[in-house]
Amino acid sequence: MQTDRLHMAIQKSGRLADQSRDLLKSAGLKVQATKNQLTARATNFPLDLMLVRDDDIPTFVADGVCDLGIVGLNVLEEYRLGDDQDRCEIIARLGFGRCALKIAAPADEEFTLDSLQGARIATSYPRLTRKFLDEAQIACDVVTMQGAVELAPRLGIAAYVCDLVSTGQTLEANGLKPVHTVLESESVLVRTLKTIDPVKRLKADALVTRIDGVIATAESKYIVLNAPESALADITRILPGADAPTIMPLMGHQGHVAVQAVCQESVFWETLEELKDAGARDILVMPIEKMML
Ligand code: ATP
Ligand code: ZN
């Protein structure tokens, strides 16, 4: 790997791998695999990717081996609790890989947090679990397992588990139910806090700006509508996440204006109905292809 190129760690294969690559693609990067399969190189940007296990990503970024990384907040926070210095920072939430670290109990049990007192709980996230228990002043043994945590109760390893849940189907299939959320998670973009060369720093900033643009675009829509001037106050209030819409007079329609706005939140049918009720007509909602904030 060349030292003047940016290094970013992403998951090699697994739940975050495809979406991490898709994000970079949407940021305009053309990525070419190399023979060793551990790295990939962008052909149109000074960026090399390190394709690794997600568990290694926080260490690589904290140590400065990689300038940037994409990893689940759950993995990052677990790592941070074991690191005495803060050596990486979250610079964006990426909106994919959503899941939650949850405590689960046998489906037929009447559970309260007190049930955990004196019990055993199995998890792959011992530090996050311990932190939660300590804060809740619960004395409970934490058993660390690398995988198949949901089998722990059936195997008699622990009565409870603290595991990642997205749909809850795995828990259900193992006779468990979620009872408490310890951490809401999604994938995040992290940057090393180690000093990096100023030229590389500029390149990193440029890449982060593009990624911010991609995230903003994914949620944003461009709205155009016509409305009587008297309805403007209501309409701007209804437009989701739009600041300072553009207002233009409509030729030949005195008292009527055209409104254009970038809405940085989802626009639902309900929103359009509300706009119409407020007096808006000819409402168009358009996707935004690129955006630089
Ligand atoms: P690796 O081989 O890289 O160590 P892994 O098996 O540890 O992979 P994956 O199962 O690919 O990890 O999950 C990666 C991340 O995806 C998780 O850390 C979490 O942030 C996110 N994720 C989203 N939904 C789920 C889910 N239902 N179960 C587990 N992880 C999920
Ligand atoms: Zn892993």
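Q: Which residue of β15 stands opposite Ile 223?
A: Ile 223 faces Ala 261 in β15. The model is a predicted one, in which local features need pLDDT of at least 70, side-chain atom pairs count only at pLDDT 80 or more, and totals for chains, interfaces and linings use all residues. Residues are numbered from 1 along each chain as its sequence is written, chains are lettered from A and ligands numbered from 1 in the order in which they are written, and side-chain values use heavy atoms, with hydrogens and water left out.

Q: And which residue stands opposite Pro 228?
A: In β15, His 256 stands opposite Pro 228.

Q: How many bridges pair β13 with β15, and in which sense?
A: Strand β13 (residues 221-228) pairs with β15 over eight bridges, in the antiparallel sense. Two strands count as paired if DSSP finds at least two bridges between them. Strands are DSSP runs of E with at least two residues, and helices are runs of H or I with at least four, numbered from the N terminus.

Q: What is the order of the strands in that open sheet?
A: The open sheet has four strands, ordered β14-β15-β13-β16, and its pairing is antiparallel. Strands β14 and β16 (281-287) are at the edges with a single partner strand each, so one side of each has no neighbour in the sheet. On average, neighbouring strands of this sheet are turned by 15° against each other, direction ignored.

Q: Which helix packs on the sheet?
A: Helix α9 (residues 269-277) does, touching β13 and β16, and its direction makes about 150° with that of β16. Such angles run from 0 to 180 degrees between N-to-C directions, with axes fitted as lines to C-alpha atoms, for helices over the stretch in contact. Contact means heavy atoms within 4.5 Å.

Q: Which residues other than glycine have a positive phi?
A: Among them are Gln 137, with phi near 55°, and Ala 148, with phi near 50°. Most residues other than glycine have a negative phi. Gln 137 lies in the loop between α4 and β9 (141-144), and Ala 148 lies in the loop between β9 and α5 (152-155).

Q: Is Gln 137 buried or exposed?
A: Gln 137 is exposed, because its relative accessible area is 70%. Ala 148 is partly exposed, at 38%. Buried means under 20% relative accessible area, exposed over 50%, and partly exposed in between, with a 1.4 Å probe and protein chains only.

Q: Where is Thr 129?
A: Thr 129 is in helix α4 (residues 126-135). Thr 129 has a relative accessible area of 0%, so this residue is buried. Leaving out residues up to four places away in sequence, Thr 129 touches Ile 121, Thr 123, Val 142 and Cys 162.

Q: Which strands does α4 lie across?
A: Helix α4 lies across β7 (99-106), β8, β9, β10 and β11, and runs at about 170° to β9. The order β9-β8-β10-β7-β11 is that of an open sheet of five strands with mixed pairing. Its edge strands, β9 and β11 (176-185), each pair on one side only. Neighbouring strands in this sheet are turned by 30° against each other on average, direction ignored.

Q: How do β8 and β10 run?
A: Strands β8 (residues 120-123) and β10 (residues 160-165) run parallel and are joined by three bridges. Ala 122 has Val 161 in β10 as its bridge partner.

Q: New topic: what coordinates the zinc ion (ligand 2)?
A: Asp 54 (OD) and Asp 55 (OD) coordinate the zinc ion (ligand 2), at 2.0 to 2.1 Å. Asp 54 counts as buried because its relative accessibility is 18%, whereas Asp 55, at 41%, counts as partly exposed.

Terms used. Donors are N, O and S atoms within 2.8 Å of the metal (3.2 Å for Na, K and Ca); water is not among the atoms, so sites may look incomplete.
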